[in-house]
Amino acid sequence: MAGMDVEMRGNAIDEMLKKKRDLNPLPEPETLDDLVQGLKIIFQDNEINVEEVNEYMSKYKTNAREWYKYAKFDHHRYTRNLVDQGNGKFNLIVLCWGEGQGSGIHSHSDSHCFMKVLDGTLDETMYSWPSDSEDECELQKTETHSYGKDSVAYINDSMGLHRVENSSHTNTAVSLHLYSPPFDMVECFDQRTGHRKKVRVTFYSKFGQRTPFPDQGPTCTEQADVARTGCTSVETLEPENN
């Protein structure tokens, strides 16, 4: 009963906050800082309104002068650069994609994932989850999308798995990702067999400052280099310690 009371109070607070925003809608975010502060207000709710977040992130028009300090590239891999921790409700991260760089096929640890392209073009390939009844089964592609500057996309685990990549060999790309709740572990998948491996995600930089990165052993990158099947960022993905 106590648990139900807490849930009812939480739902009542959510409704109150939503009504308050309906009466006094958030102003359109003119800067990246406006966007961060507005998202913190939206995520005061216990329930996430995907359409509201998508719409709000779409209203921000990218300005490289505002996110440039977070855009740290690496010649060998894409990078994850923490912008804000969202009062513990979400992580806001700038991902930097060099020419031809991409992620492996991965899940999202039961989190919501929003992606806004800040610069360049990113391609997304979606896959169905591997079958639990077969030891090995090639992952099946379900959809492909291409996102240009200021486009916003969304995925969660109920929609399947995906891979994101910068297919251009002449231009870089930058994207802004929101993950709620934040996570530090994901599953990466081998496209040919459907085999999965848990990996730990880390940050190339935090709040504009390069982070020290510990020594590590072999990563999913070695798999990806062979067949583009694993997670492709040495700097951001390391094996789970058993």
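Tutor: Happy to! Let's start with K59 and E55, whose side chains meet in a salt bridge at 3.7 Å, N to O. A salt bridge here means a side-chain nitrogen of Lys or Arg within 4 Å of a carboxyl oxygen of Asp or Glu. Keep in mind that this is a predicted model, in which local features need pLDDT of at least 70, side-chain atom pairs count only at pLDDT 80 or more, and totals for chains, interfaces and linings use all residues. Residues are numbered from 1 along each chain as its sequence is written, and side-chain values use heavy atoms, with hydrogens and water left out.

K59 and E55 both belong to helix α3 (residues 50-59), and because they are 4 residues apart there, about one helical turn separates them. Helices are DSSP runs of H or I with at least four residues, strands are runs of E with at least two, and both are numbered from the N terminus. K59 is partly exposed, at 29% relative accessible area, and E55 is partly exposed as well, at 48%. For such labels, buried means under 20% relative accessible area, exposed over 50%, and partly exposed in between, using a 1.4 Å probe and protein chains only.

Next come D74 and R77, joined by a salt bridge at 3.5 Å, N to O; both of these residues are buried.

The pair R196 and E187 forms a salt bridge too, at 3.3 Å, N to O. Here R196 is partly exposed, with 39% relative accessible area, while E187 is buried, with 18%.
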